[in-house]
Amino acid sequence: MRIDIITVSPELIKSPFEHSMIKRAIDKKLVQVHFHNLRDYGIGSYKKLDDMPFGGGAGMVLMIEPIDKCISELQAQRKYDEIIYMTPDAKTLNQATANFLSLKENIIILAGHYKGVDQRVRDKFITKEISIGDYVLTGGELAAAVLCDAIIRLIPGVLGDEQSALTDSFQDNLLSPPVYTRPAEYNGLKVPEVLLSGNFKKIDDWRSEKAFERTKNIRPDLLDE
Ligand code: 6GU
């Protein structure tokens, strides 16, 4: 898989790709991630990227031309399955979307900034718009990093234990059950007996029950889906 990220702030987004599982996935060539500084496509000697909104209003709007130049350059080199725009005014990211995107070959992610991008960018280039939750960030970079992390960990071979992505919270629309490790008792705090029983049928049943209980208490909306 190849991910091209277009941003006005590459330095802000690079660090999450330089550590832990995501770095290992890149080192193992399971995914390629390329950053493109929108400033390189800016207009004139000032490399202008944004301008005031037509009709007035606060904030600056990213212009279509630099984005067109950047996306067109990428599209001339390969075909893209999705061109994604990170923006709070979109459907919220969920596990189903992460699963769907993890199966793609080439994707572009445009991290929004300022007051947003000229609507014509969204109309002409964007195939999917994604928000990461109902709150506003200063820019789309952190949201793009979140999306990439959610996608990359699903690529086969990225997680050491292939099972672990399958038993994630949300993979079956349930939150994860509680987990415990040694010691079996700490200052009087005990691990549930069943987990020490060695009876795997009972353990499975207990985990399903706890997952359901947790979901019902914390995220009942997931059970309606
Ligand atoms: Cl994708 N961008 C921004 N700027 N804020 C957000 C977001 C995205 N998702 C939630 N809040």
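Colleague: Which side chain has an N or O atom 3.3 Å from a nitrogen atom of the ligand?
Modeller: This is a predicted model, so side-chain atom pairs count only at pLDDT 80 or more. A polar contact needs N or O atoms within 3.5 Å. The side chain that places an N or O atom 3.3 Å from a ligand nitrogen belongs to Ser131.

Colleague: Which element gives the largest share of the shell around the ligand?
Modeller: The ligand is surrounded by 13 residues. Strands S5 (82-92) and S7 (128-131) are the elements that give two or more of the shell residues. The largest share, three residues, comes from S5.

Colleague: How many charged residues are in that shell?
Modeller: The closest residues are Thr87, Ile132, Gly133, Tyr135 and Leu137. The shell divides into eight nonpolar and five polar residues, and the number of charged ones is none.

Colleague: Which strands stand at the edges of the sheet?
Modeller: The open sheet has five strands in the order S2-S1-S6-S5-S7, with parallel pairing. An edge strand has a single partner, so one side of it is left without a neighbour in the sheet. The edge strands are S2 (32-37) and S7.

Terms used. Residues numbered from 1 in each chain as written. Predicted model: local features only at pLDDT ≥ 70, side-chain atom pairs only at ≥ 80, totals over all residues. Heavy atoms only, no water. Near = heavy atom within 4 Å. Polar contact = N/O pair within 3.5 Å; in protein donor to acceptor, adjacent residues only side chain to side chain. Helix = DSSP H or I, 4+ residues; strand = E, 2+ residues; numbered from the N terminus. Nonpolar A, V, L, I, M, F, W, Y, C, P; charged D, E, K, R; others polar. Pairing = 2+ DSSP bridges.
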